[in-house]
Amino acid sequence: MKEARIGIFGIGHNHGAPAVQALKNLKNVKIVGLYEEDDETYAKRLKENPTVYGDIPRMGKEELFSTGLTAAFVEESVPKLVKRATECAEHGLHVHMDKPAGTDLDEYKKFLTVVKEKNLVFQTGYMYRYNAGIKYAVEKAKDGSLGKIYNVTAQMSTKHPEWFKKQLLSYNVKAPVAFIFGGHLIDLCMKVKGVPENLTAYHTVSGDGGIDFEDTSLIVMKYKDGLATVKVSSIEANGWGMREFTVFGEKGSVCVRPLENPTVVTETLNGDEKPWSDVHNTVNVEEKGRYDDMVKEFVEEILDERENDTDVGYEYELQKLTLLACGYEV
């Protein structure tokens with residue numbers, strides 16, 4: 001059996017530990033070692049997740065590069081992601097990089113150029129792409145079951161604790177909630193409707209908990225024949241339970257809500273709907289671990305067991321729209 005030799009570069013990202021655990025669960029993977037340049041970050045994450053990181057040798061960067069790696073799993077803290085991913089790609093390694101891809105679009109373009117020139121597998125950590133309910137909705141949109149797609153709605157909110165809000169502030173980015181969470185949903189809308197004609201965003205400061213930052217955002221993506229709306233918020237009680245992705249087409253609609261734990265999918269097709277009634281059917285989908293299919297597909301691609309479907313143009317456009325939504329000039 002072929003084996004992927006993977007190095008972990010950085011463990012500061014909030015999604016790092018569960019993603020690495022999903023990687024450890026695969027039989028055709030050997031995690032060779034991890035590099036974390038900051039001792040404080042290493043100690044903190046090791047204490048939080050001893051069973052994830054405790055048995056992975058900590059190495060120097062060049063030492064890890066010299067071990068005959070197949071790929072890099074980049075889980076640096078958000079501001080360091082793209083720089084580290086670029087370094088790994090320049091070493092000829094396939095790259096899984098968590099998200100979002102920074103505020104410097106030129107830096108990200110440089111990374112994507114290296115990926116394309118070296119024909120590398122690149123996977124970004126937008127885990128909802130691999131969610132069973134989301135995949136069902138996107139497939140129904142693409143196979144014509146819903147007819148022409150008009151509108152899409154998506155929301156991703158949580159009542160975040162104070163420490164998390166302060167972490168968002170520490171990234172020193174515009175509209176931090178939109179920056180961290182908006183890309184997830186812009187991505188899903190693009191999977192269905194493509195690149196919008198234009199994008200407009202609205203950001204508000206609630207002052208909740210005495211923390212002064214833009215904690216709720218509404219992003220409107222306009223198309224010739226419809227809209228996609230994205231809402232993200234850091235202040236909504238049970239926001240998790242109301243995370244949603246809904247696709248509306250001329251022949252019906254599919255709604256995923258909640259997105260996970262549990263994933264609930266409902267659909268309404270022409271002939272079933274009534275204009276002033278809630279009529280829908282529940283669809284059974286197999287819900288797996290949040291990161292399981294994501295890391296499995298990455299490993300299959302780097303071992304040539306699945307076609308490399310990296311689309312650097314799409315990834316660039318996604319980050320461009322995310323930055324535009326946050327108020328950056330791009």
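In what order do the strands of the open sheet of 8 strands stand?

**View 1. The open sheet.** The order is β7-β8-β9-β6-β10-β11-β12-β13, with mixed pairing. Strands are DSSP runs of E, at least two residues long, and helices are runs of H or I, at least four residues long, numbered from the N terminus. Two strands pair if DSSP finds at least two bridges between them. β7 (198–204) and β13 (281–283) each have a single partner strand, so one side of each lacks a neighbour in the sheet. Neighbouring strands are turned by 15° against each other on average, direction ignored. Axes for such angles are lines fitted to C-alpha atoms, for helices over the stretch in contact; angles run from 0 to 180 degrees between N-to-C directions.

This is a predicted model: local features need pLDDT of at least 70, side-chain atom pairs need 80 or more, and totals for chains, interfaces and linings use all residues. Residues are numbered from 1 along each chain as its sequence is written, and side-chain values use heavy atoms, without hydrogens or water.

**View 2. The β12 and β13 pair.** Strand β12 (residues 265–269) runs antiparallel to β13, joined by 3 bridges. Glu 267 stands opposite Asn 281 in β13.

**View 3. A helix across the sheet.** Helix α11 (residues 312–326) lies across β7 and β8 (216–223). The helix runs at about 45° to β7.

**View 4. Glu 244 in strand β10.** Glu 244 belongs to β10 (residues 244–249). Contact means heavy atoms within 4.5 Å. Beyond its neighbours within four places in sequence, Glu 244 is in contact with residues including Thr 153, Gln 155 and Leu 259.
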